[in-house]
Amino acid sequence: MTATTPASLEPALLEVRGLGVDFTAPDGSPVHGVRGVDLTLRRGETVAVVGESGSGKSTTALALMRMLPGNGRIVSGSVRLDRTDLTTLGEDELRTVRGARIGMIFQDPMTSLNPVLTIGRQLDEVLRAHAREHDAGHRDRRARRRRAQELLELVGIPDPARRLDDHPHQFSGGQRQRILIAMALANEPDVLIADEPTTALDATVQEQILQLLAELNEKTGTALLLITHNLGVVARSCDRVLVMYGGTVVEDGATADVLGSPRHPYSAGLLAAVPRLSSPSGTRLYGIPGSPPDLSLPVVGCAFAARCPSADAECGTVPPPLVADGGAADVRRVACHHPGGSGVTEVPRRVPSEVPVGAARTDTVDGGAPLLEATGLRKEFGRRARGGRRDPLVAVDGVDLRLDAGETLGIVGESGSGKSTLARILVHAHPADAGVLKLRGSDVTRPSRAALRALRQEVQMVFQDPYASLNPRMTAGRIIAEPLLARGGFEDRAARRRRVGELLTQVGLDPSAADRRPRAFSGGQRQRIGIARALAPEPSVLVCDEPVAALDVSVQAQIINLLTDLQRELGLALVFIAHDLAVVRQVSHRIAVMRHGRFVETGRADDLCDSPREPYTRALLAAAPEPVRVPAAA
Amino acid sequence: MGRYLLKRIPSALVVLVIASVVVFGILRLVPGDAATALAGPDASEESVAAIRRQLGLDQALAVQYVHWIGDLLRGDLGPSYAVGGEVADLIGEGFGATVELTLGALLLTIAIGLALGVLGATSRRRSVRGVVQALTTGALAVPPFVTGVLLVLVLAVGFAVLPSGGRVGLFEAPDLELQYLLLPALCLALPSAAVVGRYLKDSLQQAFSEDYIRTATAAGVSRRRLLWRHALPNALPPVVTLIGMQTGQLLGGAVLVEAIFAWPGLGQLAETGLTARDYPVVQDLLLLLVTVFVLVQLLTDVVHAWLDPRIRWE
């Protein structure tokens, strides 16, 4: 790089050049997880690395710490921290960098703390690990305990002196992430790498953690490298952003520039695919067509070419270098043959659905009996308090709801609000303890064995995790045929195969997919299989529990649009459960906000989002991060 | 912890009651009763009936059971039918030796199991991991009577470094006793050590793949501390349960090993008692073994809860 560095900018603290990481697949073939990544981090700076699963962002983070899993190795490039190249250090020297000069926070706070050690012990371990070379004062156990207490106070854990002796399971998810941040900061590192630090947390907690990270960045001057898939998080907390796709950096620039006017078609598409809370109900989501590249195959040309609206012959053969795009190289770089070219600007525009379903529906169906109706649903789980007294956990506490054919009811709530328990009651996975559940006017609260069989066909479920909810040993065809067999009428193999083919086509997959096993499909495709399975018994109600939570942003739109299309075609009633209010608003006609097992507010989707009545709804709305801070005239 | 233990006691008592019924019943199901065995092959019907009456065996089974348990609760084990002498004395003689052998084997099981498990899970050399795998497979595949004979041949006959059998008593000559104990204890321990080693290896490997190990690695914790302070405390609880169950195996296996090494434990008593249909001896012996096993399980649960704070809270 020959471009001159502006004098105002400090020299790089962490400088990654041409980093390449290969993994060995189980069959021995190489997978190029990261290809030629350049990254610069200066003292006190906050930089985001954005990308979807498989983009190489987490691999890059792990490679910086030389913590790649056993089948991964750095094959090219350098990682310089000040003047030291970390890629050439030995195990012992690396240990003096890890935790001391570079701290790291991981995604899942529930599993990232050692369950059998007290918090005090775990903080002590971190301080002790660097007592020799870092801070001689930490050789004394009591000094370490004092420091541990300070750290807990710093990250906002109340009553730190006492809580040092508690175990991880005695803390909430948000508190655990705070403790992990405290551990990462214990030895005052120069760099803090946070890999999806808020992904596993509720929106309101996510907000607190981001604020904490920003404060600490200001207070301690630690540079922050934030790895995330969430553009809203980036907009909120980072100076600069790198967008990664297919293992390489495709765009790099100031956050406001990249999010405000993306130059790479992928950045633009990603930005367009993020559901926005400000978009009214019924807005059709934008999804990038196709799926991410298979990195076990050699990438010829631009990795995004196959999904790009403005790709031409050059894109398919010549890999575009990451070069300055107007102005100084430090300011903005993009790896595209046609940066900001035609096609890109048209992509992000939204296509409103032709029928504004939201308004029309509620008026027309109000008169007739609802398809599904629940009054006073209640479910509690046995639990004992410390003294052995019965202290039941009330998961669902007096929920009333009604659902008409062709309508979507969105249910939003944070983890533990009882939304999944409610879903399980609705699909008769377990009976309600109290209340009445009616389907087409007849009481189905406690159905007989025979009635239950019929009921389960009427009400089907789409699950959250498309990776765990499909049996890996069955072919897609068998998975979808399973409910057909249970239902009867499809004893003939050929008829069954025909029906499976129809269902696959209906969810946008090729009928030939029937012979492949789940492993051969991407996350989005697996969720399509899950939907086909749910549609097989021809249900009238589909309960979707976080159907897109495990999917990438560019893919979630495809699934959501598929669900709304199917609803229109088949007249399905949908219960759409999610934590993401923006998604829920766009797919739902009505929304119910759930908290502590109750519906705190119910209303038409747009009314509820535009003029919420309850303070809790307002808090939820405020906590949802928008990718661009003020999209004044969008 | 105290309350945790208290909660476990009722179920332990239930197990003991059921075990006593089963022990009592099974002996009655064995063909031939004590009276026929005592009277000898040529005895007349009348003399057998007389003996039966004398021993109270003509009473209803329920009555016999109540008598047995009632006496037991008063601490009266009564006289043996055939072996001769008081049951309490007979059991007392062999109990110490069997407990010594079992405890010795238990210590070896833990030591060898721990070493094999840690080596198998953490060694960076493929050859070391291969040897561990081979050792555990071998120890599991070969039954104690074969290892027993092999050990005697090599260490007692071939090199003559250890005695081939017998016992001198731990309190009479501790150093000598350890020499006598080593071979039978090792022979008894090997299969259990292999099971514990394998299980610990898997459990450790599982622990090493967990997120909290990644957290500690990223914090710069050394490899050795990762193993002993972070991974092992998580890998141990299930292994402790397994060791508790293996203790039962060791108690049962001791009977066989005692025969190979002429170890004067309860094994011999059990054998003679059983062939003579000596109900009091066998019943009390079996119930004693069950009681020891139940106590070991209780102890296991307590250790488990001590190792894993989440259990205490349930």
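1. Glu196(A) counts as buried because 20 C-beta neighbours lie inside 10 Å, and 20 or more is the cut-off for that label. The model is predicted. Glu196(A) sits in the loop between strand S7 (191–195) and helix H7 (203–220) of chain A. Its phi is positive, about 50°, although Glu196(A) is not a glycine. Most residues other than glycine have a negative phi.

2. Glu546(A) also deserves a look. Its phi is near 50°, a positive value in a residue other than glycine. Glu546(A) lies in the loop between S19 and H18 of chain A. Is Glu546(A) buried or exposed? Glu546(A) counts as buried, because it has 20 C-beta neighbours inside 10 Å.

3. Next comes helix H18 of chain A. H18 covers residues 553–570, which is 18 residues. At 1.5 Å a residue, the helix should span 26 Å. The end C-alpha atoms are 26 Å apart, so the two values agree. After H18(A) comes Gly571(A), with a positive phi near 65°.

4. Which residues of H18(A) are buried? The run Val553(A), Ser554(A), Val555(A), Gln556(A), Ala557(A), Gln558(A), Ile559(A) and Ile560(A) is among them. Leu563(A), Thr564(A) and Gln567(A) are buried too. An α-helix has 3.6 residues a turn, so residues three or four places apart point the same way.

5. What covers the buried residues of H18(A)? The cover includes helices H10 (265–273), H17 (523–535) and H19 (581–587) of chain A. It also includes strands S15 (408–412), S19 (541–545) and S20 (573–578) of chain A.

6. Now chain B. An unreviewed UniProt entry lists residues 95–300 of chain B as "domain: ABC transmembrane type-1". That span is 83% helix and 0% strand. Its end C-alpha atoms lie 22 Å apart.

7. Two helices of chain B cross. They are H5 (residues 87–122) and H8 (residues 174–208). Their axes come within 6 Å and cross at roughly 35°. The crossing of H5(B) and H8(B) is right-handed. The residues of this contact divide into 18 nonpolar, eight polar and two charged.

8. Last, the contact of chain A with chain B. Chain B puts in 21 residues, and chain A puts in 25. On the chain B side, helices H9 (211–218), H10 (223–260) and H13 (309–313) each give two or more residues. H9(B) gives the most, with seven residues. The chain B side divides into eight nonpolar, six polar and seven charged residues.

Key: Residues are numbered from 1 along each chain as its sequence is written. Chains are lettered from A and ligands numbered from 1 in the order in which they are written. This is a predicted model: local features need pLDDT of at least 70, side-chain atom pairs count only at pLDDT 80 or more; totals for chains, interfaces and linings use all residues. Helices (H or I, at least four residues) and strands (E, at least two) are DSSP runs, numbered from the N terminus. The expected span of a helix is 1.5 Å times one less than its number of residues. A residue is buried if 20 or more other C-beta atoms lie within 10 Å of its own, exposed if 12 or fewer, and partly exposed in between; C-beta atoms are placed from the backbone. Two residues are in contact if their C-beta atoms, placed from the backbone, lie within 7 Å. UniProt positions are given in the numbering used here, feature names are shortened, and annotations may be inferred rather than shown by experiment. Axes are lines fitted to C-alpha atoms, for helices over the stretch in contact, and angles run from 0 to 180 degrees between N-to-C directions. A crossing is left-handed if the near helix is turned anticlockwise from the far one by less than a right angle, and right-handed if clockwise. Ala, Val, Leu, Ile, Met, Phe, Trp, Tyr, Cys and Pro count as nonpolar, Asp, Glu, Lys and Arg as charged, and the others, Gly among them, as polar.
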